[in-house]
Amino acid sequence: NEIQGEGFEGAFNNTSVRSINFPSLRFASTETFSSNTELTDISIPLMSALVPGMFNGCSSLTNIYAPEAFQMVADPFSGNTSLKEIHLPKLDSIVDMNQLYIPNIEFADFPRLVDLPASFFMNLPKLHTVVLTSLETVRATSFAFTPMLKDINLPSVTNIEISAFGLSSVTNLSLQSISTNSYDELWSVPSGCVIHFKDGDITVQ
């Protein structure tokens, strides 16, 4: 049920294992799978948290199955250059982590997350889709330098910080929980973007 403690830290470091399936594993130490450059798939269906350095240097990793993970701590993904999609349907907490640094990520699915750090998706040049169904607050430059991310749907957002959309490339923004009179130029929504509010649309000039 767990790989934890000094004896297991880095248990799969520098191995040639390409696929890992731990159907009952709930907890793991930091860097348990790090520096495994051959690992492509990992299934940890009962894992509750993705911990610091968990996948550091797993440069071939393309698929992570962790449907029960509700917490992401520090940076589990540093050095991972192959992961294109991440689906964490129960993630509701990000701890000590400022940015999602997965350069090739295209699709990020965090439907239960209600808050995320400022600049969390910054500098992800291939990111084109985010699922943030429960997000309530958009913090500064959350989507900066994401040139492929044109459509952002944030149905539960009620709080938007200054420069929340600064340096983004969004062209269609859906904010179905707030009204048009809430619009503020300080959000820094790009010119030409159409914002869909619950009571109508605004095109940013």
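A residue counts as partly exposed when its relative accessible area falls between the buried range, under 20%, and the exposed range, over 50%. In this predicted model, E38 has a relative accessible area of 30%, so E38 lands in the partly exposed group. Its salt-bridge partner is R18, with the closest N and O atoms 3.6 Å apart. R18 sits in the loop between β1 and β2 and E38 in the loop between β3 and β4, so the pair ties together parts that are 20 residues apart in sequence. R18, at 55%, is exposed.

The structure has 4 salt bridges. Another of them joins E68 and K90, whose closest N and O atoms are 3.0 Å apart. E68 belongs to the loop between β6 and β7 and K90 to the loop between β8 and β9, so this pair ties together parts 22 residues apart in sequence. For R139 and E161, the closest N and O atoms are 2.5 Å apart. Through shared partners, salt bridges also join D115, R139 and E161 into one network.

Now for the inside. The largest nonpolar core holds 60 residues, and F55, F110 and F121 touch the most other members. Strands β5, β15 and β16 each supply at least two residues of this core. Beyond its neighbours within four places in sequence, F55 is in contact with residues including F33, I42, L61 and F77.

Two of those strands, β15 and β16, also turn up in an open sheet of 4 strands with mixed pairing, ordered β13-β15-β16-β17. Its edge strands are β13 and β17, each pairing on one side only. β16 and β17 pair in the antiparallel sense over 4 bridges, and I195 has I202 of β17 as its bridge partner.

Technical notes
Residues are numbered from 1 along each chain as its sequence is written. This is a predicted model: local features need pLDDT of at least 70, side-chain atom pairs count only at pLDDT 80 or more; totals for chains, interfaces and linings use all residues. Side-chain values use heavy atoms; hydrogens and water are left out. A nonpolar core is a set of buried Ala, Val, Leu, Ile, Met, Phe, Trp, Tyr and Cys residues joined through side-chain atoms within 4.5 Å. Buried means under 20% relative accessible area, exposed over 50%, partly exposed in between (1.4 Å probe, protein chains only). Contact means heavy atoms within 4.5 Å. Two strands pair if DSSP finds at least two bridges between them. A salt bridge is a side-chain nitrogen of Lys or Arg within 4 Å of a carboxyl oxygen of Asp or Glu.
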